[in-house]
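Q: I have a new model open and would like to go through it piece by piece. Can we start with the charged side chains?

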Amino acid sequence: MSAPVHLRDRLSLDSTVPFATDLSHIVFGISSSAETWDRERPYNELWWRPGEMHGYVWLDEDPPADSTWPSTCPPYHVSTFNASTIGGSPSAARIARTIVESYKAVMAEPGSREIRWFVIGDDSTVLFPENVVAVLNKYDHEEMYYIGSISESVEQTVRHSYSIAYGGAGFVVSQSVAAELALMMDGCLERYANLYGSDERVQSCISELGVILTIEPGFHQVDLHDDIYGLLAAHPVAPLLSLNHLRHLKPISPHWETQVEAVKSLIEVSKHDPSRTLQQAICYEHRPGVNWSVSVSWGYSVEVYPQHVSSKELAKPLMTFRTWRTRSPGPFTFDVRPVDPNRACDLPLIFFLDQAKSETGRNGIIRTITEYSRNMTDNVISSCKLQSYIKALELETVTVYATKMDPDDWKRVNSL
């Protein structure tokens, strides 16, 4: 078989006339299997947009003959790679090769399209496409880039690496990296057949190209158990790019019965202002009988504390979760605040998103109005006797007004 042609040679591009990256410049490669696809498919359907996005689901074999592939999902392909010949885990090798499979598939399509980036994820990965585009516009697509993020659990990063992008969170390679991998990855996978999973194999092959990981903290592997409320309520200063492992967690909002419904709510509100989704804003209310510290996670929740809490502390997620592998209380790869039920005045009243809308003012400025209500089924009973807390219990809803955020603002935020 002849060697793959470099994408830059196949597709015309006048580099003297740069223009912004959009969804048409991205190919999405989703690693899956015939066994897991139906189980994870609802999460994929939350963010996939037929007709607007280009990509493929990669399976190990054809789905059952009596089934119909849904039009609400990317088209599927069956991997052509015989991974059993290289040793180690065949499934890990097949998943690692999703980049190459996606590259070859788009190259084989008729016509010419300019592809700048390949976004790779699992069938359980929930992506936020507008934010992915905003982040990629920070980078020169003609350079060699490998972009993603590490695990939230130290026990995972120590075991695997601090220099790999975790595939469940999703990661990105520029077209030049994909083109080079198409030339050498099969041999590379043989060299690293002893490695544990696909993520380590991908990173090892990319490292042979001299490319290191560029970390974007908005990609979330979610190597966590129990409730990730704390992480979402104090998101890092970065656009929300992805969430993973959601099936294994409590619903992210008590306003919904299932996790799919809860995540759908977050995705729907993000359409009003993608860049602002989960971005934290902190304010204080001081007046007679009231001393509140308020933390807003836009589109998700509002916390009201009955006393002064510094912004430094509010920026740390409440530790509502445990580690992925051992379900331990840390350590994590970010700062956390412990949750002590015996210190009732240190805990917030929490209001979750109910509804959102957008409106355009006379000056043409778009703003959003989001409304949050307390989950009254929690039957909040607290030993906190602060007058400020008693006043806070009178709150039923919180309304947040915000101007729509310009995605170009993220160009001023450096990656880690």
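Q: Is Asp 273 buried or exposed?
A: Asp 273 is buried, with a relative accessible area of 0%. This is a predicted model, so that value is computed from predicted coordinates.

Q: What does Asp 273 form a salt bridge with?
A: Its partner is Arg 276, and the closest N and O atoms are 3.2 Å apart.

Q: And how accessible is Arg 276?
A: Arg 276 has 21% relative accessibility.

Q: Which parts of the chain does the pair Glu 208 and Arg 191 link?
A: The side chains of Glu 208 and Arg 191 meet in a salt bridge, at 2.8 Å from N to O. The pair links distant parts of the chain, 17 residues apart. Glu 208 is in the loop between helix H8 (198–207) and strand S8 (213–215), while Arg 191 belongs to helix H7 (residues 175–191).

Q: How accessible are those two?
A: Glu 208 is partly exposed at 36% relative accessibility. Arg 191 is partly exposed too, with a relative accessible area of 47%.

Q: What does Arg 343 pair with?
A: Arg 343 and Asp 346 meet through their side chains in a salt bridge, 2.5 Å from N to O. Asp 346 counts as partly exposed, at 31% relative accessibility.

Q: Now the surface. Which residues gather in a patch of negative charge?
A: The patch consists of Glu 35, Asp 60, Glu 61 and Asp 62. Glu 61 sits in the loop between strand S2 (54–59) and strand S3 (76–78). With a relative accessible area of 46%, Glu 61 is partly exposed.

Q: Let me step back. How many helices and strands does the protein chain have?
A: The protein chain has twelve helices and 17 strands. Its radius of gyration is 23 Å, close to the 22 Å from the globule rule for 416 residues, so the chain is as compact as a globular protein of that length.

Q: What does the C-alpha trace span along its principal axes?
A: About 80 × 55 × 45 Å.

Q: And what share of the residues count as buried?
A: 53% of the 416 residues.

Q: Is helix H4 mostly covered or mostly uncovered?
A: Helix H4, residues 98–108, is mostly covered, with nine of its eleven residues buried. Among them are Thr 98, Ile 99, Glu 101, Tyr 103 and Met 107.

Q: Where does Arg 97 lie?
A: Arg 97 is in the loop between helix H3 (90–96) and H4. At 4% relative accessibility, Arg 97 counts as buried.

Q: What separates Arg 97 from Val 400?
A: Their C-alpha atoms are separated by 45 Å, and along the chain the two are 303 residues apart.

Q: Backbone next. Where is His 245, and what is its phi?
A: His 245 is in the loop between strand S10 (242–243) and helix H10 (259–270). Its phi is positive, about 60°, although His 245 is not a glycine. His 245 is buried at 13% relative accessible area.

Q: What is phi of Asp 226?
A: Phi of Asp 226 is near 80°, a positive value in a residue other than glycine. Asp 226 lies in strand S9 (residues 224–226). At 30% relative accessibility, Asp 226 counts as partly exposed.

Q: One last thing. Is the peptide bond from Gly 330 to Pro 331 cis or trans?
A: That bond is cis, with omega near 0°. Pro 331 is in the loop between strand S14 (321–323) and strand S15 (349–360).

Notes:
Residues numbered from 1 in each chain as written. Predicted model: local features only at pLDDT ≥ 70, side-chain atom pairs only at ≥ 80, totals over all residues. Heavy atoms only, no water. Buried < 20%, exposed > 50% of the residue type's maximum accessible area, 1.4 Å probe, protein only. Helix = DSSP H or I, 4+ residues; strand = E, 2+ residues; numbered from the N terminus. Patch = residues over 30% accessible without salt bridge, like charges linked within 9 Å, V, L, I, M, F, W, Y side chains within 5 Å. Areas by Shrake-Rupley, 256 points an atom, 1.4 Å probe, with all protein chains shown as cover. Salt bridge = Lys/Arg side-chain N within 4 Å of Asp/Glu carboxyl O. Lys, Arg positive; Asp, Glu negative; His and termini not counted. Charge placed at Lys NZ, Arg CZ, Asp CG, Glu CD. Rg over C-alpha atoms; globule rule 2.2 N^0.38 Å.
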